[in-house]
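I opened this notebook to record how the secondary-structure elements of one model are arranged. The entries below keep to what I looked up.

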Amino acid sequence: MAVEWTSDPTAFTTRDWNSLVRADPDGTLFHTPRYLKLYWEEFGATDLQIAVVREGEEVLAAAAFDLRNGRLSFLGGTEVTDYMGPVGPANARVPAAKELMAAIAARDDWRSADLRGLPEDGGWLGAMAAGAGAAGLDVRVEQDAVAPFLLLPPTYVEYLEALASRRRHELRRKVRRLREAMPDARLVDTTAESLAEDLDTFVQLHRSSGGPKGRFMQPGMELFFRRLGEALIPDGVFRLAFLEAGGERIAAAVGFRDRDRLLLYNSAYDPGSAALSPGIVLVTELIRDSIEEERRGVDMLKGNLRYKYQFGAIPRRVCRILLRR
């Protein structure tokens, strides 16, 4: 078994990497080479380092890193990439992680590493921590974030029945209140043809928000969202949905259809309609849609925000591995 390093971004275009994501039960859109390549093209890396673990001709795992001022991290950026780390089939994780961490330890161009975005209930966290320890590195595992996850039943009726009575009552009350005030409110999805115009509306809603949210959608971030949409909407992965009433878009959400889950990536709403909770109603409709699409769950992604638990999501810890020599 050997680890090959390269700084050549054409490694993102290899078929092997896509196969690794498909073979990994913990693989997500954020691990795919097309996502990582797009991130790298828009935000760059101080020193891109791609590691491929091989056993003979077989590729067992791959991971992308950024080396910055002697500090090693996964490529992805914590603001926009919720899950990071290697990908590969589950039965190869332990030997691949051991080989990868030994190869990292053998490099002399880093002093510390902060490897974020590893789900606590995933297989890579333990395998990499053990591999780092075996390589003689100082290892510390800490919580990085919380990504609430909503497990979905077969029907929407069952979903509502499974909610605690207080949450079920509150959710129904908010939906009823908005529909009484706006009887024509409906869910509208963007299409490839309407994407550019719909993203204009999404960006406008985002920038109308107060606080850090209103400052998030800077020109560079806007371009990243536009490129994500252009790249992922043709195969149905990218979803931009609006709650529309009276011809106005009062709430919006960007999500990704990823295997049997909907990844709820980003959202915004019209501050003028805040009293009617349009964002909550929109997410409720997306949950209903996901159940009808027979998805296993809705991943609310990172951000331990109270509103996510109103839908019955449960906390899921995302961890980081801190390494020193």
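**Conventions.** I worked with a predicted model, in which local features need pLDDT of at least 70 and side-chain atom pairs count only at pLDDT 80 or more, while totals for chains, interfaces and linings use all residues. Residues are numbered from 1 along each chain as its sequence is written, and side-chain values use heavy atoms, with hydrogens and water left out.

**Sheet.** I took helices (H or I, at least four residues) and strands (E, at least two) as DSSP runs, numbered from the N terminus. I found an open sheet of seven strands with mixed pairing, in the order β1-β2-β3-β4-β5-β13-β6; two strands pair if DSSP finds at least two bridges between them. The edges are β1 (2-6) and β6 (138-146), each with a single partner strand, so one side of each has no neighbour in the sheet. On average, neighbouring strands of this sheet are turned by 25° against each other, direction ignored. I then looked up β3 (residues 58-68) and β4 (residues 71-74): the two run antiparallel and are joined by four bridges. Leu 67 stands opposite Leu 72 in β4.

**Helices α6 and α10.** I noted that the axes of α6 (residues 165-181) and α10 (residues 278-292) come within 9 Å and cross at roughly 110°. Axes are lines fitted to C-alpha atoms, for helices over the stretch in contact, and angles run from 0 to 180 degrees between N-to-C directions. The pair α6 and α10 is therefore roughly perpendicular (65 to 115 degrees). Contact (heavy atoms within 4.5 Å) involves Leu 171, Lys 174, Val 175, Leu 178 and Arg 179 of α6, and Pro 278, Ile 280, Val 281, Thr 284 and Glu 285 of α10.

**Helices α7 and α9.** I recorded an angle of about 145° between α7 (residues 195-207) and α9 (residues 219-232), whose axes are 11 Å apart. Residues in this contact include Leu 199, Phe 202 and Val 203 in α7, and Phe 225 and Arg 226 in α9.

**Salt bridges.** I counted 36 salt bridges in the structure, each a side-chain nitrogen of Lys or Arg within 4 Å of a carboxyl oxygen of Asp or Glu. Which residue forms a salt bridge with Glu 41? The partner is Lys 37, with the closest N and O atoms 2.4 Å apart. Both residues lie in helix α2 (residues 33-43), four residues apart, about one turn of the helix.

Key: Angles under 35 degrees count as roughly parallel, over 145 as roughly antiparallel, 65 to 115 as roughly perpendicular and the rest as oblique.
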